[in-house]
Amino acid sequence: MITFILNNKTIKTSEHSGMTLLDFVRYQQRLTGTKIGCREGDCGACTLLVGTLTNNTITYQSITSCISPLGNAHGKHIVTVEGTNLKNKLTTAQEAMKANYATQCGFCTPGFVVSLTGFALSNSENNCSNAIDAISGNICRCTGYKSIEKAAHQVVKKLEGKEKKSFKWLIENEFIPEYFESIPQRLKDIEAKDLNQPKGKYVSGGTDLYVQQADHLADKAIHLIAEKDYLKGVIIDNGICTIGVNTTVSDLWNHKALNTSLPNLKKHLKLVSSEQIRNMASLGGNLVNASPIGDMTIFFLALNSNITILDSEEKERTIRLKNFYQGYKTYDLKDNELLKTISFKLPAKHSFFNFEKVCKRTHLDIASVNSAIHLSVENEKIKEAHISIGGVAAIPKYLNGTSAFLTGKSLTSETILEANEILQKEIAPISDVRGTTDYKRLLARQLFFAHFTELFPSNFTLNDFVQHA
């Protein structure tokens, strides 16, 4: 039985674990404030909050329920917009939307309210930038967003003086209803045992599979792995970072040590997706998606990562991620195997890492071309180089030739221009909806140059390359 708390009600259901959480909430529980929009995780109309109890502390994150399997709600607190309501009055988030005329047709409004409530429940730094990030996955076709931004700013203002992890303060200040205080103990009491998992297709966060196969997965046997502890976590030991493949992008975003080693990590991850998707999407899922433009795949390729693969008999093997991909959407993984960890050497002194991406929208879009680079430079000489690029080949591309050429060379514009010539020979972009072959070659060149202008601004400007390219 799938057991969880939905708003203030304990749910025990034998429904298929592969059906979407959205469909369960709307059609089984008749909570129709959660809207059906894109069914692809893009519009945010179906946003819910998921509360997870860990070591007696409950944390809430927003998700898009249209691409989340019902089974992933097991043992959690699920909150719809109805579950945020107060008796005979508006919550702070609802009042902010009303006071700033931030709703017109109203279809998107529940998603915005839930996301802003999730921001209030989070322990992220209380500022306008983080509040806007919290609603980054919510789309409105009516208001033009400025009124919604003002509503977010009003929520931030009301949160001044908030006590961290204090449901009592949030209840007193009308952000959430009183029943939230009882949820941690109630989650302990329901004793949600591990689901009886059939053999079937492995599903973690579902953010890729459920975009493509939601109806199919609703009826077929699936094996949910999102809550497998042995596939979670970030461990740093002797300069090596090992990440369980169930770790989410948000887990990286919130990891203090990683943000110290990769000081622009949040800036890079902000290019990846909306907050709702960052909260759901597993890193392993991004790798086995095998998309030629998978953002995190490009990210980890440039870190020259290893992946550890586990078979059904718990035997492990480790290979370089750059050797994992064999052709379009094909890779070195057998039917009885599962990715376990991603590991890489953390950038240290004299190391530099950068990630760049171009897409039709600045944020929250699939890349036309993306690229990452990791360099070790001493005395103006490149000691080690690893470069990856997406959208220009049938696979996520590690640039072996370009990386080898740069190693041992002086850090000069002449070196970089020569390296670009090798890069252009290594890639083979095709024309598609995201751009022509020539356009993608241009983007590949410009992103390659951008790595150096971003990492070494006192050494290079874009003009140093463009006038000679």
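Which residue forms a salt bridge with Lys157, and how far apart are the closest N and O atoms? Glu160 is the partner, and those atoms are 3.7 Å apart. By salt bridge I mean a side-chain nitrogen of Lys or Arg within 4 Å of a carboxyl oxygen of Asp or Glu. Lys157 itself is exposed, with a relative accessible area of 56%.

Okay, quick housekeeping. What you see is a predicted model, where local features need pLDDT of at least 70 and side-chain atom pairs count only at pLDDT 80 or more, while totals for chains, interfaces and linings use all residues. Residues are numbered from 1 along each chain as its sequence is written, and side-chain values use heavy atoms, with hydrogens and water left out.

When I say buried, that's under 20% relative accessible area; exposed is over 50%, and partly exposed is in between, with a 1.4 Å probe and protein chains only. The areas come from the Shrake-Rupley method with that 1.4 Å probe, and for residues only the protein chains shown count as cover.

The structure holds 14 of them. Take Glu174 and Lys89, whose side chains meet at 3.0 Å, N to O. Glu174 sits in the loop between H6 and H7, and Lys89 in the loop between strand E5 (77-79) and helix H2 (92-99), so this pair ties together parts that are 85 residues apart in sequence. Glu174 is partly exposed at 30% relative accessibility, and Lys89 is partly exposed too, at 44%.

Next pair: Lys340 and Glu316, with their side chains meeting at 2.6 Å, N to O. Glu316 is partly exposed, with a relative accessible area of 47%.

There's also a network: Lys76, Glu227 and Lys232 are joined by salt bridges that share partners. Lys76 is in the loop between E4 and E5, and it's buried, with a relative accessible area of 8%. Its C-alpha is 7.3 Å from that of Leu53, which is 23 residues away along the chain.

Glu163, Glu172, Glu178 and Glu181 form a negative surface patch. Patch residues have over 30% relative accessible area and no salt bridge; like charges are joined within 9 Å, and nonpolar side chains (Val, Leu, Ile, Met, Phe, Trp, Tyr) within 5 Å. Glu181, for one, is in the loop between helix H6 (167-172) and helix H7 (183-190).

On to helices. Which residues of H8 are buried? In that helix, residues 209-217, they are Leu209, Tyr210, Ala214 and Leu217. Looking down the axis of H8, they fall within an arc of 110 degrees, so they line one face of the helix. That arc is taken from the directions from the helix axis to the C-beta atoms. The face turned away from the buried side carries exposed Gln212 and Asp215.

Compare that with H14, residues 295-302. Eight of its eight residues are buried, so this helix is largely enclosed by the rest of the structure. Among them are Met296, Ile298, Phe299, Phe300 and Leu301. After H14 comes Asn304, with a positive phi near 55 degrees.

Asn7 isn't a glycine, yet its phi is positive, about 55 degrees. It lies in the loop between strand E1 (2-6) and strand E2 (9-13), and it's buried, with a relative accessible area of 9%. Asn56 also has a positive phi, about 70 degrees, and lies in the loop between strand E3 (47-54) and strand E4 (57-64). Asn56, though, counts as exposed, at 57% relative accessibility.

Last one: Phe119 in helix H3 (residues 109-121). Phe119 is buried, with a relative accessible area of 4%.

Methods: Lys, Arg positive; Asp, Glu negative; His and termini not counted. Charge placed at Lys NZ, Arg CZ, Asp CG, Glu CD. Helix = DSSP H or I, 4+ residues; strand = E, 2+ residues; numbered from the N terminus.
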